[in-house]
Amino acid sequence: MQTAVVPRAYPRFIFKGLHAYGLLSPYGFLYGIIDFLKQVSGFDSSQDMVLNVMGHDDSGGKLTFEKKTNKVLFKPPHDRLLSRKTEALNKIAKKLGGVLYVPRYRSLSVHLLGGCVAAPDISSGVCNPEGQVFDASSPIGGVHRGLYICDASVIPCSVGINPCLTITAAAEYISRNLIRDLMKDIVYVEKRNLSNKQPCSVFKVMKNYSESKVRFTEIMRGKLGGKQCVARLIVNLNIVNKDTQKKSHTQLQGKVSGYIECKSIEMERMHIIYGWVDLCETKARTPYTQYMNYRLLLAASSGARYEFEGRKIMNPYLLGVYAWRESTTLMVTLKKISSNRPGNDLVHHSGKLHISLFELLKSLWSMKGESKYKFMYLLMQSLFRTYCLQVPRGSHHALFDAKESTQKPYPHSAMHDLITGDGVKIRIQHWECISFPGELKLQRKRHPVLLVNGYSTESYCLPTEPTDLVRTLLNDGHDVWLLHGRCHWSIASNDFSIEDIGRFDIPAATAKMNEFYGGSIKFHLIGHCIGGLSCHIALMGGYVSTKQIASLTCSNGSMFYKLTKSTMVKLWLPLLPISMMVLGENTVLPMLRESPTSFRHKLMKQIARLIPRYERCTCDECEVASGIFGNAFWHENVSPDMHHWMNMTNLPELPMSGFRHLRKICNAGFVVDSDGTNCYLMHPERMAFPTLYVSGGRTLLVTPETSFLAQKYMKTHQPSFRHERVVVDGYGHSDLWIGEKSAEKVFPHVRKHIRLAEEEEEEEESVSKSGNEGMNEALSWSHDPYEEDDEDEGYESVSDAEWRFVMVDLRNHGKSAEFVKDLPPPHDLEASANDLANLITSERWKWPDIVVGHSLGGKVALQFAQSCVNEWLGTNIRKVEEDHYAWSFNLDGALQMFNSY
Ligand SMILES: [Zn+2]
């Protein structure tokens, strides 16, 4: 530290500063008072003089923090010249006839240097020469990522002269390193987005930053990972970019700065260090859809880096009814970028952010820049094209490159003809697992797998794809059997219900497998959509013995079947009766363009085209199919080859007669027989095996509630078996199986489930059954964490949930006895349990996950739990009207259930 002098004003506060400053002359104190009085009275102005001696100390000062006392301690550096300086100054003071005030112990400094000095390692300094702060907890040389020191404090010793330029040089040197470090992250984010054709490199963006012509601020609010989140984005558009040909499009791309605030993730604001927005992105697979993409790299004060991906998806659904909602809702995923290994994302949050009408108007109002009207015009034009004109941007056919069988030949299979119990001829395809040397390790042969398809379309055996479920299971060492039931297009029968598949087709398949292996064997059952429904009919109806089932896997179908609102509307409209009328009873609708079509078929196809759906397609067959079913998959998940195969080969014709029964099931929300009678749901005892229910997280046709309810039902009724549920992010319906990335996103869950089921079985065989000690989970009434809720409440990630405890004084107890009068008798357990329910509803809480009680309280808790499980779905407290709950009890159902036991 450099030596300096007492600041000019110091003597005025001499009374406060006496402990720090010594007086060399015994009269100094008196002089101080006289001088002070002179100034106060205005009699004479102060005659202070500043004396300055430059020099430098040995840089040995130390600042330490004492944990015990919470004190910061300072050991001043030794100044060898202090005494000589004082001596010289004193002489000058004497000559001038004044009094010298100097620091008693040390020199002062006006050029403060050091404090966080740079050093080769942590033993001698705080940061390395690059300004990165050492991390005491990490191995030698480890630093806190993103934390830099970039000022005078890194300079380790006094430089003896004015250090202004030295500080500047050090700061510039460190900044260069800081930028290099930052670029690494940006390049990493860019690399990940390379598939999305990131239009230009960061360096260009930075260089052209000043050329932006439109600037506005967007404030979005919503929930991220279930917690409140605010995003303030400053958008700069129209950065000149020569790489892109379309001029209008470049106007809708730009740079984003600002910050995101989400206290549950980071206490302080996460600042955007790199942000790119594209307000009109299109994808070749979804030519009708417009995307608005926000890709941001966030830096938090903790040193963590986050990758933020926001997307608005705009589909021209039904003249743009969702236009407002879609264009103001940003679907967000936030990933923490691992500091050590990029690509290994640690934390993953998802949520939605909205911009309110007020905020939108405000940001339009605040828009600045010379080309803002042009920008608004272009934005409106792109939205008009998407929602009103509904003109596709490109075509699906252009994507498909008809490369000829470069792939390996499909594994050999045998086709067996079967006659079902009611005399219908169906078929089953069988792949035998050829064990290769690696498989010899398997000590026991693995159980075969029976696959049941969804409505008429093939989901498991996909010759165009590099892999599919059939080949995956074969590689895992399973025999695979694929049922071509009566709703398969190749089977002539077109007078059937879903029930028939469960009642006759699956038992016939089981019989064939038993015959093939010689005896009653165990197998894994996998069903998709109505395949899942028919599996449940077969099992809960008792048509297939429970003992034969090793495990059950169902995707978007279970004993429950909950449809999306738009699909329900489609069902509710008399579309099916009309189509039946148009086609004539029990007619098959030819789907392929080449097939000869009658007038009725043409009419039917035209009707189908008019029906609204989420995603439109430039492919004619796809349009008809999605008009009838609704979209079965998200186009972006399905490869062009697969799309082509789906529409050209997979579904040449569509049998319509199964829809009648399907409609009854959809209306009930669970499996019923072909007359609409509820005769399956009361047989949970027939479901004694592990289950896995899979749903798509980006709902199409069937909602995730289907798997949620199924898992609850199984956990309640078969607690001694493993029951799992998976919601696959970004997937809809059949893309779960036919998607380009199904093999990495969906199949692993199925393979794990099957493997665990076989391991559990082996364990069970080795350890003789020891009672009913299964998983005894606490009854929970929590919301489905995957539920897509349009209202703001409800979406809460389980991992983020915090516990809240509510202590209740029961009726006639404690404070309740004191203050609550006139509670209607009888004062019994049931009434007390009812009080609990009333309390929860009146306070608008969520239903409790756990109810704990002691003694009488325990009895009440039991009563409460019992009332809740008596009904099959988990609770018999039902919403009757908005905000009004009542206890309801399906007496008929309970009676049926009772009788069936
Ligand atoms: Zn399509």
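How many helices and strands are there in the chain? There are 27 helices and 26 strands, where helices (H or I, at least four residues) and strands (E, at least two) are DSSP runs numbered from the N terminus.

Some ground rules. What you see is a predicted model, in which local features need pLDDT of at least 70 and side-chain atom pairs count only at pLDDT 80 or more, while totals for chains, interfaces and linings use all residues. Residues are numbered from 1 along each chain as its sequence is written, and side-chain values use heavy atoms, with hydrogens and water left out.

Now the whole chain. Of its 901 residues, 48% are buried; buried means under 20% relative accessible area, exposed over 50%, and partly exposed in between, with a 1.4 Å probe and protein chains only. The accessible surface comes to about 46,700 Å², and carbon and sulfur atoms hold 57% of that. Those areas come from the Shrake-Rupley method with a 1.4 Å probe, and for residues only the protein chains shown count as cover. A contact means heavy atoms within 4.5 Å. Among contacts with a separation of 6 or more, 67% join residues 24 or more positions apart.

Next, N128. It sits in the loop between β4 (101-103) and β5 (132-134). Is N128 buried or exposed? N128 is buried, because its relative accessible area is 13%. Its side chain reaches the backbone nitrogen of Q132 at 3.0 Å. Not counting residues up to four places away in sequence, N128 touches A118, A119, F134 and V143.

Q132 itself belongs to strand β5. At 16% relative accessibility, Q132 also counts as buried. Leaving aside neighbours within four places in sequence, the contacts of Q132 include V143, L147, Y148 and D181.

Then helix α19, residues 659-668. Which of its residues are buried? They are F659, H661, L662, I665 and C666. Seen down the axis of α19, these fall within an arc of 155°, so they line one face of the helix; the arc is that of the directions from the helix axis to the C-beta atoms. As background, an α-helix has 3.6 residues a turn, so residues three or four places apart point the same way. Just after α19, G669 takes a positive phi of about 90°.

Methods:
A polar contact is a pair of N or O atoms within 3.5 Å; within protein, one must be able to donate a hydrogen and the other to accept it, and residues adjacent in sequence count only if both atoms are side-chain atoms.
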